[in-house]
Amino acid sequence: MRLGAATLACLALTTGAAIWLAGGRSSPIAASPAPALRIPVKVSESNVPVNGRLFLNKDQVAQAMAAGTLDRPVKSLLAVETPLHFGDYQWNDRGVSSGPIWIRVDLGTQLISVFRGGNEIGTAVIVYGGDNKQTPLGNLHILAKAKDHQSSIYDAQMPYTLRLTNDGVSIHASDVRWGAATHGCIGVPLAFAQRLFAATKVGDEVTVMPPTPVHSA
Amino acid sequence: MSVATAPASPTFKRGAIIAVILVALAAALATGIATRPDIANLVGERFGNAVSQGVRNGVDGIKTVAAMMAERSPGERAKGALASLKNKRPVGIHERALPKVRKPTPPVSPLAAIVAGPPVPPVIPPAAPLFNNLVSGSPTPVVPLVTGGPTGGGGGNGSPPPFVSITPPGGGGGIIVPPTTTTETPPPPPPPSAVPEPNTWALMLVGFGLVGFAVRRDRRRVALAATE
């Protein structure tokens, strides 16, 4: 009986070696795509959306500021469940107290975020300047507001214009669709532009983040 | 405890054997995986994926702000392809390629030559041959020359081609009036046809070919730019 067990163990060893040797040449395991291995994610309190928004903890803010994603502390972000499509937007200022408005425009992710007192109250997909008419980057300010603006340069309607530069670059309502580009302006959906226009005032700060992957490439 | 006190029972032996086999199999697999570099790499890769996911999500499992933004984003705009704008050209450069100007030929010539030309000889010849035959009396040498003369009259004026009819009167004598009237109308230039000529066709084909080539090259360039 013991002999039988020993032989079986040897057999198992040899099969293991055989598997190894056979698999060494054509490895079917390595050829097959590796399934995404999920590690258990510890859900902390700050990851649970409260009233449609996610409150950031200190580490997240510190990391974002160190990485350049944010240039000022932010308290909360909107909880966006699904990716936004062109023309989509979210607006949620319930329970957000008044405070300074900051508009963050990210050309890389093609998103605009509106913060009031450090809490995000709106976000939308944008269209921005084409390669030969690039959107200016950096910290800008709203210089003027015009509800029914008619562009003299392009002979086009630009409702809810928030002018950012003296040469006419603005945030305004636009047909936000895939594949579109502007002459430098930042185009947002009309309904979003309406809310943004109502929420902002002249002098509010606008930060345009560069499309990092494009510039680094 | 009852199992330990009865080591000789057949169930215990079977269980022990199975346990030994299982241990041996596990050992074999472990040694195989440990010594095989590809499997070890695979495991490491999976582990690396998990680690990178953890990093992306934050050290303690919380997403970074950038990751949150990336999740809601429709993605980065493709470089170059769709972002180029149509530039307005200055007004002065605009030109239209006009077709070649063709002056219409005088409307009288084409039809008048065909319609009015032939009737003239038939009208006058009937009188002429008679006169010719009677007066000058030289019909015999002339008649054989004019093969097409339907009337058969002297001078062969009944034949349609005008220059053939010139010679008979020369032989026939002084009657010159009918031939001169027929010869005076030269054949008019044919009206321009609506169908383009072969070289025009060729030019058009080459042009379309060039346009197609340009479009194709542009697309290819766009595709390359998108993949970069």
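1. Trp91(A) is partly exposed in this predicted model. The count behind that label is 17 other C-beta atoms within 10 Å. A residue needs 20 or more to be called buried and 12 or fewer to be called exposed, so Trp91(A) falls in between. Trp91(A) belongs to strand β3 of chain A, residues 89-91.

2. What does Trp91(A) touch, leaving aside its neighbours within four places in sequence? The contacts are Ile121(A), Gly122(A), Phe192(A) and Arg195(A). Take Phe192(A) from that list. Trp91(A) and Phe192(A) are separated by 101 residues in sequence, yet their C-alpha atoms are 7.6 Å apart.

3. The buried residues of α4(A) are Phe192(A), Ala193(A), Leu196(A) and Phe197(A). Viewed down the axis of α4(A), these buried residues fall within an arc of 135°, so they line one face of the helix.

4. Next, the sheet. Four strands of chain A make an open sheet, ordered β8-β9-β10-β11, with mixed pairing. Which strands stand at the edges? They are β8 (144-150) and β11 (186-188) of chain A. Each has a single partner strand, so one side of each lacks a neighbour in the sheet. Neighbouring strands here are turned by 25° against each other on average, direction ignored. Helix α4 of chain A, residues 190-199, packs on this sheet and touches β8, β9, β10 and β11 of chain A. The direction of α4 makes about 40° with that of β9(A).

5. Strand β9 (residues 157-163) and strand β10 (residues 170-173) of chain A pair in the antiparallel sense, over two bridges. Leu162(A) stands opposite Ile171(A) in β10(A). β9(A) and β10(A) form a hairpin, with six residues between them. In the turn, Gly168(A) has a positive phi of about 105°. By contrast, β10(A) and β11(A) run parallel, joined by three bridges. Ala173(A) stands opposite Val188(A) in β11(A).

6. Val188(A) also matters for the core listing. The largest nonpolar core has 47 residues. Those with the most contacts inside it are Val105(A), Ile112(A), Ile126(A), Ile186(A), Val188(A) and Val65(B). Note that the list names a residue of chain B, Val65(B). Ile112(A) touches Ile103(A), Val105(A), Thr123(A), Ala124(A), Ile126(A), Ile186(A) and Val188(A), not counting residues up to four places away in sequence.

7. Chain A overall: five helices and twelve strands. Of its 217 residues, 34% are buried. Among its contacts between residues at least 6 apart in sequence, 57% join residues at least 24 apart.

8. How many of its residues reach a pLDDT of 70 or more? The share is 76%, and the mean pLDDT is 80. Over residues 1-45 of chain A, pLDDT is below 50. That stretch still has 50 contacts in the model beyond near neighbours in sequence. Residues 213-217 of chain A also stay under 50, and the model gives them four contacts beyond four places in sequence.

Technical notes:
Residues numbered from 1 in each chain as written. Chains lettered and ligands numbered in written order. Predicted model: local features only at pLDDT ≥ 70, side-chain atom pairs only at ≥ 80, totals over all residues. Pairing = 2+ DSSP bridges. Axes fitted to C-alpha atoms, helices over the stretch in contact; angles between N-to-C directions. Contact = placed C-beta atoms within 7 Å. Arc of directions from axis to C-beta. pLDDT = per-residue confidence, 0-100. Core = buried A, V, L, I, M, F, W, Y, C linked by C-beta atoms within 7 Å.
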